[in-house]
Amino acid sequence: MRPFVLVNCAMSADGKLAGTERKQIRISSEEDITRVKNLRKKFDSILVGVGTVIADDPHLTVKNATYEENPVRIVIDPHGRTPETARVIDDRAPTVIVTNEECDRNWGPDVIVMRCGKDRIDIPEMLTILAKELDIESMIVEGGGETIASFFKEKVVDRYSVFVGGLIIGGRCSPTPADGDGWVVPEGVKLDLESAEVMGNGALLTFIPRY
């Protein structure tokens, strides 16, 4: 038993999530921004990696939503690097930080801390606990590239939606939607195209992974 997992991100026409400095760049069109806002209202939780928290300091909330209306914010943070001042641990929505079993850091009584995995986060175990203990049935994974790659590696992605924006970012070291060390997958992870839609100066592609 685990939540339904949607990986949702925006990349440039050359397949980059951000520039080499890993700071957020506006890629999505106005239409895609509206789509993502509406999407967040339908899901129980939003997940990002700690790299995204440090680089972008996102709220991960729905505008004008109450604490109860907002999705649960989940941060994968193996070594406890989330700053005390991060907006993702403010009082606008529930927050879960997932560390490895060796990390003993806490972020106060209002932040739920889960310990999963000896070094790297055990993604399947984390999903099972979130479903059983927090009743989370659906999740949007929004980044970054290493986090997205880890979900594909564990074969727990149910749908992959990527907005391809009309710009080139470039950079050999710029992050991509499936970043990190990589893993051996013969001929890659196969995807079946479910839909393609023009949205402003870009296109939204939605795929179903074929494991």
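This is a predicted model: local features need pLDDT of at least 70, side-chain atom pairs count only at pLDDT 80 or more; totals for chains, interfaces and linings use all residues.
Me: Why are the buried residues of H1 said to be on the same side of the helix?
Reply: The residues concerned are Asp-32, Arg-35, Val-36, Leu-39 and Arg-40. Their positions around the axis of H1 place them on the same side, because they cover an arc of only 135°.

Me: What distance does H1 reach from its first C-alpha to its last?
Reply: H1 consists of 13 residues, and at 1.5 Å a residue the expected reach is 18 Å.

Me: Against which strands do the buried residues of H1 pack?
Reply: H1 packs on the sheet, and its direction makes about 145° with that of S6. The strands against which its buried residues pack are S1, S2, S6, S7 and S9.

Me: Which strands stand at the edges of the sheet?
Reply: Nine strands form an open sheet with mixed pairing, in the order S5-S4-S3-S2-S6-S1-S7-S9-S8. A strand at an edge has a single partner strand, so one of its sides is left without a neighbour in the sheet. The strands in this position are S5 (111-115) and S8 (190-198).

Me: By what angle are neighbouring strands of the sheet turned against each other on average?
Reply: The sheet is open and is formed by nine strands. When direction is ignored, its neighbouring strands are turned against each other by an average of 20°.

Me: Which residue in S6 stands opposite Phe-4?
Reply: S1 and S6 pair in the parallel sense, over four bridges. Phe-4 belongs to the residues 4-11 that make up S1. The residue opposite Phe-4 in S6 is Ser-138.

Me: How many of the nine residues of H4 are buried?
Reply: The buried residues of H4 are Gly-145, Thr-147, Ile-148, Ala-149, Ser-150, Phe-151 and Phe-152. H4 is therefore largely enclosed by the rest of the structure. The number of its residues that are buried is seven.

Me: At about what angle to S6 does H4 run?
Reply: H4 lies across S1, S2, S3, S6, S7, S8 and S9. The angle at which H4 runs to S6 is about 135°.

Me: Which peptide bond is cis, with omega near -5°?
Reply: Most peptide bonds are trans. The cis bond is the one from Gly-143 to Gly-144.

Me: Is Asp-135 buried or exposed?
Reply: Asp-135 lies in the loop between H3 (123-134) and S6, and its phi is positive, about 55°, although it is not a glycine. Most residues other than glycine have a negative phi. The relative accessible area of Asp-135 is 59%, and the cut-off to pass is 50%. Asp-135 therefore counts as exposed.

Me: What phi does Arg-22 have?
Reply: Arg-22 is placed in the loop between S1 and H1, and at 40% relative accessibility it counts as partly exposed. Arg-22 is not a glycine, yet its phi is positive, about 65°.

Me: To which residue is the side chain of Ser-161 joined by a polar contact of 3.2 Å?
Reply: Ser-161 is found in S7 and counts as buried at 5% relative accessibility. Beyond four places in sequence, its contacts include Leu-6, Arg-35, Leu-204 and Thr-206. The polar contact of 3.2 Å joins its side chain to that of Thr-206.

Me: How far is the backbone oxygen of Val-88 from a polar atom of the side chain of Thr-95?
Reply: Thr-95 is found in S4 (95-99) and counts as buried at 2% relative accessibility. Val-88 is among the residues that Thr-95 touches, as are Arg-73 and Asp-110. The distance between the backbone oxygen of Val-88 and the side-chain polar atom of Thr-95 is 2.7 Å.

Me: What distance separates the C-alpha atoms of Ala-86 and Asp-57?
Reply: Ala-86 lies in the loop between S3 (72-76) and S4, and at 6% relative accessibility it counts as buried. Ala-86 touches Val-53 and Asp-57. Ala-86 and Asp-57 are 29 residues apart along the chain, and their C-alpha atoms are separated by 6.0 Å.

Conventions
Residues are numbered from 1 along each chain as its sequence is written. Side-chain values use heavy atoms; hydrogens and water are left out. Helices (H or I, at least four residues) and strands (E, at least two) are DSSP runs, numbered from the N terminus. Buried means under 20% relative accessible area, exposed over 50%, partly exposed in between (1.4 Å probe, protein chains only). A polar contact is a pair of N or O atoms within 3.5 Å; within protein, one must be able to donate a hydrogen and the other to accept it, and residues adjacent in sequence count only if both atoms are side-chain atoms. Contact means heavy atoms within 4.5 Å. The expected span of a helix is 1.5 Å times one less than its number of residues. The arc is that of the directions from the helix axis to the C-beta atoms. Two strands pair if DSSP finds at least two bridges between them. Axes are lines fitted to C-alpha atoms, for helices over the stretch in contact, and angles run from 0 to 180 degrees between N-to-C directions.
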